[in-house]
Amino acid sequence: HETIYLEDYQPPAWLISHTELRFELEEEQTLVRAQLRIQANPAVADKRKPLELFGDEGMELSRLCIDGQILEASDYQREAGCLRINNVPESFTLECVTRLLPHENTALEGLYKSDGMFCTQCEAEGFRRITFFPDRPDVMSIFRTTLVADKARYPVLLSNGNPVDTGEDGEGRHWVTWDDPWPKPSYLFALVAGDLALLEDHYTTTSGREVALRIYAERKDLDKLDYAMQSLKNAMRWDEEVYGREYDLDIYMIVAVDFFNMGAMENKGLNIFNTSCVLAHPRTTTDQGFQRVEGVVAHEYFHNWSGNRVTCRDWFQLSLKEGFTVFRDAEFSADMNSRTVKRIEDVTLLRTAQFAEDAGPMAHPVRPESYMEISNFYTLTVYEKGAEVVRMLHTLLGAELFRKGSDLYFERHDGQAVTTDDFVAAMEQVSGRDLSQFKRWYSQAGTPRLQVHDDYDPQSGEYCLTVRQSCPPSPGQDHKQPYQLPLSVGLLAEDGTELYTGMLELTEEEQQFRFDNIARRPVPSLLRGFSAPVKLEYDYTDEQLLMLLRHDSDGFNRWDAGQRLCIRLLQEQMLRYRDGLAMSCSEALVIAWRQLLTDESLDPAMVAQCLRLPSEAQLGELAERIDVTAIHEAREFMRKALAQALEQEWLQAYQRCDTGDDYTADAEAIGRRSLKNLALSYLMAAGREPWLELARQQYEQSDNMTDQLAALTLVAHSEFRETADELLQAFYQQWQHESLVMNQWLAVQASDPTEGALQRVNSLAQHPVFDARNPNKLRSLIGAFCGQNLASFHAEDGSGYVWLADWILTLDRQNPQVASRLLTPLTRWKRYDQGRAAQMQAQLQRMMDTAELSADVYEVVSKSLV
Ligand code: DPP
Ligand code: ZN
C-alpha cells in the first residue's frame, strides 16, 4: 500500500470541460458510457505526459475510443487502479464504456444498491468505481447524465442539476437526462433510481429565485420528512442572513437511503442521506435524533457554498470544507436552539473523542501531510478540531471582519479548488493581520496544554496571570512551535462580582498578563466558551470551583467548573478503589447539586448538563493509564451516592419536568425532557422498586421515543433482569418493522454493562433484525459494544478484543471503510494496563499477519503497531 504526500502535489495535466454519462441500469449489471471532452492543461508545461485516469481494478472496460476511433489493446495500459493512454492529442473526446455490478457492491462506494434502489457515494474516491476519470477534486467538469431503467421498478430517476429531457423506449424502460450547469469535481456526482415517495415544498431566495425542495424516501417513511424539510428551509434562510449565500439551482433534492457509510453527502443539488440523518418522527425518533437531523441537513446544505462552489484542491485540504462547514452548522444549531447547551455538547465530543485521537497512533494535523487511504481521514480532527480552528479565527477577528473574510473567500475562489492557505489569506487580507503563526493549527497535530499560574499583590492591587503553552509529540512531529490563540478570561471576586472581562491573545511559549486595581485576590474564569481547543490546567480549590459553578457569567464555564470538580472527586475515588479503601461522596458536591436541582429559575437543559457525570470514555481520556474497572466502579459509586443523597430532589425534578404536554422538538421541551430523564436515571441508580415502577410507567405511557427509549435503557441496564427482558421483548414487538428503531434496540443491549454482555451481542448478531451488510446495524451492535460498554469490551480475558478482531477481518472483505472505523478502540492499546495492552496488541498483530488487508484497515493497523 502506497503513501501519498501533500508535498508531492502536482496540478492535473489534463482537464475535462464536459462529462456526458449514460447509465443503463439493469438487475444483473449496469453499463456506463462516459464521453469526456479532454484538453491538455495550459498551466502545465510538460504537454507530452500520457493521459492517466483512475479506475478501480475490478471494473470491466468494454469499449475505449478517442474521437470515435476504437483503441487497440497496445494503445493503453491498465495497472493498479490506473488507465494510461499514450500519444493522445492536445484536445479530444474520450469514450469509455464500463460494466458494473452494483448488486454485488458491498463496499457502498461508487454505484450500489440499497434496499432495491440504486444510489451512489463518490466522496472521496468512489467515482473511479463508476468510470475511468481524473478522479481528483481539482478537476472540475460540467456533467450531463442520462439514466435508463425499467419504469415500473424505478419510476424515479435522479441526478445532479435540472431535468432537461425524458422519454420511453416502448419496452417498459424510460429515461431522464439531467444537466448540471455548475462545474464540479467528480466526488460531487450522484444518481438515484428507485420507487420513491416524495415530500415537496418550495423556497424563494432573497433575490427571488424559486427553488423546488424535494425530499425522497421509501413510501412507508413519508410521514417522517417534515422536520428535515423545515430544517432545510431554516438553513437556507440562515445562510442568506448570516453569510449572504443563496442557493443556485432550481431544485434541491435529498434522498434517504438505509445503507450508507457516512451520515450524509452534499452532492450538487442531490444530497444523499443516511436515513438516520433525515427521518424524524416523535414516535420513532429521540430528541437527539431530531437535533442530528437539523444539524446534518444544514451541514450538507451549507456545503453548497463551502465545499461545492469553492472546493478542495486535494484531499489534504479536506478541512477547508469540513471544518468550515461544521463551524457553520454549529452556529446555525446554536441560533436555532440553546447556544450554551450546543457548545457543551460539542466540546464534550471534542474532549472525549478528538483529544483521544490526538493522543493516539492515528494523530494527524487538521491538514494532514500524508495518507494511505483518504477515507481514514474523515476524522474528528479534520471535522471538529477543524471547526474549532475556524471558530478561533472568528474570535480573533470578530464577527464583522470574519464575515468580510468569508465574503472575499467565496468571491475570489468561486468555481475553484483551493487550499486552507487560501482561506486564511482571505482572513489576513480583510483584517490586515499576519496569520502565519496561526496556521500552525493546520500543520501541527496534538492537543496543546495551557498551564496557568497566578500571583496577587494586595499592596499594589496587581494581579498577574502567567500562561505556559506546550504540545506533546505526535507521530512524525517531536517538537511543536507555540500557537497563536484567543484565551477568553473573566476575573471574579469571591462573591461572584465580575472584576474584569476580556480576551487575551497568546503567541509565546510563556506570557504574563497584568491587571491593575484589583481590590482582592480574584478567581480566574479561564478559557471561557472554550475559546481554544486546548487542555487548560489551573490549580483551583474545590471552593473556587463551587463559586464559579454558582456565579460565573459565562454559562459554559459555569458548567465546566462543575465538571472539573466532578472529575477531581471521581479521580480521588478511583485511587481509593485501587488501594482497596472505601469510596466516599463529597458533602459539598451534594449541597451544590441540591441547590441546582431545586432552583426552579434555572434552565432545565443547563441543570441537566451540570448534573451529568463525565462519561467513562472521557475519564479514560484524562487518565495516564486507563484503569477500566476503577473508572467504572468509581463512577457507579458516585452515581449511586448522588442518587441516594438527593432521592427526594430527583423525584421532585422529575415531577416538575413531567408536564404532560404534547411532544415538540424545540430547545425548551428538549431541555425539560433531558432533566426529567436524567432524574429518572438517578432514581433508578438508587435501586428501589418504586422507581422501577416509575420507569415502567413512563415506558408504557410515553407518546414519544425520547421518553420511551430512556425508560427502556434504564430498565435494560438495571439489575431488574425480569422487567428488562419483558420491556426489551415488548419494544421489539412494537417496533420490529422500523429499521432505525431497531438500531436503537440493538445499541441498548450492546451497551448494557451487566454480566454476560459478550454473549448477548453474539446472539444479537444472529437475530433477524441484524444485517451485517448494513453499516447502521454494525455501528449499533459492534460500535456500541466496543465504544460504550467499556467494562465488557475490556474484559480481562481479552474476549472482547478477539471478538472485535474477528469482526474486522470479516468486514474488511466486504466494506473496508466501515471495518477501519470500527477498529478504532483497539488502536488505543498503549493507554491500558500491561495485560490488556498485550492482548489488544496481539489482536492487531493477528490482523497484520493476514494477507490482503484493505488499504483502509492496513493503514490503521500498521500505524497502531508502531
Ligand atoms: N458527507 C460527508 C460530510 O458531509 C463528507 N463530505 O461531511
Ligand atoms: Zn461535510
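Two strands are taken to pair if DSSP finds at least two bridges between them, and with that in mind I would like to begin with strand E8, residues 82-85, which is joined to E7 by four bridges, the two running antiparallel. What we are looking at is a predicted model, and I will go through it region by region.

Staying with that pair for a moment, arginine 78 has leucine 83 in E8 as its bridge partner. The two strands belong to an open sheet of three strands, in the order E4-E8-E7, and the pairing there is antiparallel. At the edges stand strand E4, 51-54, and strand E7, 76-79, each with a single partner strand, so that one side of each is left without a neighbour in the sheet. From one strand to the next the twist of this sheet averages 15 degrees.

Now a word on the overall division of the chain, which gives domain 1 as 4-195, domain 2 as 311-443 and domain 3 as 449-547. The centres of domain 1 and domain 3, taken over C-alpha atoms, are separated by 55 Å.

Next come two helices, H3, residues 318-336, and H5, residues 380-397, whose axes come within 7 Å and cross at roughly 70 degrees. Since angles of 65 to 115 degrees count as roughly perpendicular, H3 and H5 are therefore roughly perpendicular to each other. On the H3 side, the residues that meet H5 are Leu318, Ser319, Glu322, Gly323, Phe324, Val326, Phe327 and Ala330, and on the H5 side they are Val382, Tyr383, Glu384, Gly386, Ala387, Val389, Val390 and Arg391. Sorted by class, this contact of H3 with H5 comprises ten nonpolar, three polar and three charged residues.

Further along we find phenylalanine 438, in the loop between helix H7, 420-431, and helix H8, 440-443. Is phenylalanine 438 buried or exposed? Phenylalanine 438 is buried, because 20 other C-beta atoms lie within 10 Å, and the criterion for a buried residue is 20 or more. The C-alpha atom of phenylalanine 438 is 31 Å from that of glycine 263, a residue 175 places away along the chain.

I turn now to strand E26, residues 462-470, which has a covered face made of Tyr463, Leu465, Val467 and Gln469, and an uncovered face made of Glu462, Cys464, Thr466, Arg468 and Ser470. Which strands does E26 pair with? One is strand E25, residues 449-457, joined to E26 by nine antiparallel bridges, with arginine 449 opposite serine 470. E25 and E26 form a hairpin with four residues between them, and in the turn glycine 461 has a positive phi of about 70 degrees. Another is strand E29, residues 510-515, which runs antiparallel to E26 and is joined to it by six bridges; here tyrosine 463, from the covered face of E26, has phenylalanine 515 as its bridge partner.

There is also an open sheet of three strands in the order E28-E27-E30, again with antiparallel pairing. Its edge strands are strand E28, 498-506, and strand E30, 523-526, each of which pairs on one side only, and the twist averages 25 degrees from one strand to the next. Within this sheet, strand E27, residues 485-492, pairs with E28 in the antiparallel sense over eight bridges, and proline 486 has glutamate 505 in E28 as its bridge partner.

I will finish with alanine 686, which lies in helix H16, residues 667-686. Alanine 686 is partly exposed, with 19 other C-beta atoms within 10 Å. Apart from neighbours within four places in sequence, the contacts of alanine 686 are with Ala643, Gln644, Glu647 and Trp691. Threonine 706, at 20 residues from alanine 686 in sequence, is 22 Å away in space, C-alpha to C-alpha.

Notes:
Residues are numbered from 1 along each chain as its sequence is written. Chains are lettered from A and ligands numbered from 1 in the order in which they are written. This is a predicted model: local features need pLDDT of at least 70, side-chain atom pairs count only at pLDDT 80 or more; totals for chains, interfaces and linings use all residues. Axes are lines fitted to C-alpha atoms, for helices over the stretch in contact, and angles run from 0 to 180 degrees between N-to-C directions. Angles under 35 degrees count as roughly parallel, over 145 as roughly antiparallel, 65 to 115 as roughly perpendicular and the rest as oblique. Two residues are in contact if their C-beta atoms, placed from the backbone, lie within 7 Å. Ala, Val, Leu, Ile, Met, Phe, Trp, Tyr, Cys and Pro count as nonpolar, Asp, Glu, Lys and Arg as charged, and the others, Gly among them, as polar. Domain bounds come from an automatic or database domain assignment. A residue is buried if 20 or more other C-beta atoms lie within 10 Å of its own, exposed if 12 or fewer, and partly exposed in between; C-beta atoms are placed from the backbone.
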